[in-house]
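This briefing sets out how the secondary-structure elements of one chain are arranged and how they pack against one another. Please read it alongside the sequence and the coordinates.

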Amino acid sequence: MNKFLIATHGALASGILSTIEIIIGNNKNIEYIDAFTEGTDLVKELGTFIQEIDENDVGVIFTDLRGGSVNQKAFNMVGNADKKNIFVVTGFNLALILSLVLKPNRIVKEEIDTEIKVAREQMQLLEVESEDSAEIQNGFFN
C-alpha cells in the first residue's frame with residue numbers, strides 16, 4: 001500500500017490536504033504534520049509514520065523546503081530507520097502530490113522521479129496577452 005505524509009512548517013500541510021480532499025475526496029492513506037504549531041510534536045509524529053511503514057508498503061514524505069528543519073528531520077529519521085521503501089520528496093507542488101496519490105499500484109523510485117519532472121512543468125508564467133490566455137479560458141492545459 002502507498003502511504004503519504006505531508007509535513008510542513010505551519011499549516012501548509014493541512015491546507016494542502018484540504019485541497020486534495022476537495023479534488024479527490026477523503027483518502028485515508030494521506031496524513032499531515034503542521035510542524036511548529038501548538039500541540040504538534042514533529043519528531044513523534046514523523047516517528048509514528050515511519051514506524052507504521054512495513055516492508056509491503058511504500059511511504060512518501062513530502063516536505064516544503066529543501067534543507068529546512070522539517071526536511072532535515074524527515075530525511076535524517078528515514079535514514080536512521082534504514083527503510084529503503086520510504087522516500088522524502090521536498091519542494092512539492094499540488095500536481096506532484098496528486099499524481100502520486102492517484103497511482104493505483106505500488107510506487108517505485110523511478111515513478112517518483114518521472115512525476116517530479118512532470119510537476120516541474122506545471123509551474124509556468126502565464127501571460128494574459130498570449131496563446132496561454134486562450135488555452136486557459138478554453139480549459140486546455142498543456
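Axes are lines fitted to C-alpha atoms, for helices over the stretch in contact, and angles run from 0 to 180 degrees between N-to-C directions. In this predicted model, helix H4 and helix H5 (residues 109-121) pack with their axes 9 Å apart and at an angle of about 145°. The chain holds six helices and four strands, and along the sequence these elements follow the pattern β-α-β-α-β-α-β-α-α-α.

**Overall extent and annotation**

- Taken along the principal axes, the C-alpha atoms of the chain fill a box of roughly 50 × 35 × 30 Å.
- An unreviewed UniProt entry lists residues 1-123 as "domain: PTS EIIA type-4"; in the model this span is 47% helix and 20% strand, and its end C-alpha atoms lie 29 Å apart.

**The sheet and the helix packed on it**

- The four strands form an open sheet with parallel pairing, in the order S2-S1-S3-S4.
- Strand S2 (30-35) and strand S4 (86-90) stand at the edges, and each has a single partner strand, so one side of each is left without a neighbour in the sheet.
- Averaged over this sheet, and with direction ignored, neighbouring strands are turned by 20° against each other.
- Strand S1 (residues 2-9) pairs with strand S3 (residues 58-63) in the parallel sense over six bridges, and Asn2 stands opposite Val58 in S3.
- Helix H2 (residues 42-52) packs on the sheet, where it touches S1, S2, S3 and S4, and the direction of H2 makes about 160° with that of S2.

**The contact of H2 with H3**

- H2 also packs with helix H3 (residues 69-81), at an angle of about 40° and with the two axes 10 Å apart; H2 and H3 are therefore oblique to each other.
- The crossing of H2 and H3 is right-handed.
- On the H2 side the contact involves Leu42, Val43, Leu46, Gly47 and Ile50, which meet Val70, Lys73, Ala74, Met77, Val78 and Ala81 in H3.
- By class, the residues of the contact of H2 with H3 divide into nine nonpolar, one polar and one charged.

**The contact of H1 with H4**

- The axes of helix H1 (residues 12-24) and helix H4 (residues 94-101) come within 11 Å and cross at roughly 55°, and H1 and H4 are therefore oblique to each other.
- H1 passes H4 in a right-handed crossing.
- Ile16, Thr19, Ile20, Ile23 and Ile24 are the residues of H1 that meet Leu94, Ile97, Leu98 and Val101 in H4.
- The contact of H1 with H4 has eight nonpolar residues, one polar residue and no charged residues.

**The contact of H4 with H5**

- H4 and H5, whose angle of about 145° was given at the outset, cross in a right-handed manner.
- The contact is made by Leu96, Ser99 and Leu100 of H4 together with Glu111, Ile112, Glu115, Ile116 and Ala119 of H5.
- The residues of the contact of H4 with H5 divide into five nonpolar, one polar and two charged.

Terms used
Residues are numbered from 1 along each chain as its sequence is written. This is a predicted model: local features need pLDDT of at least 70, side-chain atom pairs count only at pLDDT 80 or more; totals for chains, interfaces and linings use all residues. Side-chain values use heavy atoms; hydrogens and water are left out. Helices (H or I, at least four residues) and strands (E, at least two) are DSSP runs, numbered from the N terminus. Angles under 35 degrees count as roughly parallel, over 145 as roughly antiparallel, 65 to 115 as roughly perpendicular and the rest as oblique. A crossing is left-handed if the near helix is turned anticlockwise from the far one by less than a right angle, and right-handed if clockwise. Contact means heavy atoms within 4.5 Å. Ala, Val, Leu, Ile, Met, Phe, Trp, Tyr, Cys and Pro count as nonpolar, Asp, Glu, Lys and Arg as charged, and the others, Gly among them, as polar. UniProt positions are given in the numbering used here, feature names are shortened, and annotations may be inferred rather than shown by experiment. Two strands pair if DSSP finds at least two bridges between them.
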